[in-house]
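Work through each task before reading its solution.

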Amino acid sequence: MDLSELPFCQACGLSATRQRVVVGSGPAAPGLMVVGEAPGRTEDEGGEPFIGRSGQLLVRLIFEELGLERAQYFITNAVKCRPPQNRTPRVGEVATCHAWLEAQIATHRPAVLLAVGNVAAKAIFGFEEGISRTHGRPSNCGEVPGVATYHPAAALRGGPNVVDVMRADLRVLHSLGV
Ligand code: URA
């Protein structure tokens, strides 16, 4: 896949309703790649992943637990276009977009992956169980190690306990070299 073509992708129906493809951004050779679910309204308008409310929480937790500023890691999503009404991306949409995610991982060769939320955890690590059972479990995507955690939107809904669990999951990345 030629990543320069990603901004023009029309491989699934989300291309009809998105404002723009939210490709992601970060260092060319990042120590850490963070992968979320799909852009929301703010990201569809702004063109960057995780710039809305849940993104601000995620970026803060990564800084507090790992000491990394946003510009120090690559940040993207399993699905690059906003689903209408922010619905969960469909299995087929995640599968179609997977080639782009694989191309990003192959190109940027992150040392470690962080999957954020159920959709990203399944897309990256192939988990069949849900995030409540898989979060914090060191896993591999090909040769790249990583871990999954809850989506920050769940923390915004679910309160301080979810935040504490996310913090503990992030600290697992220390044992993977972050
Ligand atoms: N939620 C995500 O999973 N990704 C974003 O970019 C924004 C919200």
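In the classes used below, Ala, Val, Leu, Ile, Met, Phe, Trp, Tyr, Cys and Pro count as nonpolar, Asp, Glu, Lys and Arg as charged, and the others, Gly among them, as polar. The model is predicted, so local features need pLDDT of at least 70 and side-chain atom pairs pLDDT 80 or more, while totals for chains, interfaces and linings use all residues. Residues are numbered from 1 along each chain as its sequence is written, and side-chain values use heavy atoms, with hydrogens and water left out.

**Exercise 1.** Describe the largest pocket and its lining.

Step 1. On a 1 Å grid over the protein atoms alone, a pocket is an open set of points with protein on both sides within 12 Å along at least five of seven lines, and lining residues have an atom within 4 Å of a point. Volume is the space filled by probe spheres set on the points, which are joined across faces, edges and corners. The largest pocket holds about 500 Å³.

Step 2. Its lining counts 24 residues, and Ala38, Ser54, Asn86, His151 and Ala153 are the closest to the centre. By class, nine are nonpolar, nine polar and six charged.

Step 3. Helices are DSSP runs of H or I with at least four residues, numbered from the N terminus. H1 (41-46), H2 (53-66) and H6 (152-158) each give at least two lining residues; H6 has the largest share, with four.

**Exercise 2.** How many cavities of 30 Å³ or more does the structure have?

Step 1. A cavity is a set of grid points where a 1.4 Å probe fits but cannot get out. The search finds one.

Step 2. The volume of the largest cavity is about 100 Å³. Among its 15 lining residues, Cys9, Cys12, Cys81, Cys97 and Trp100 are the closest to the centre.
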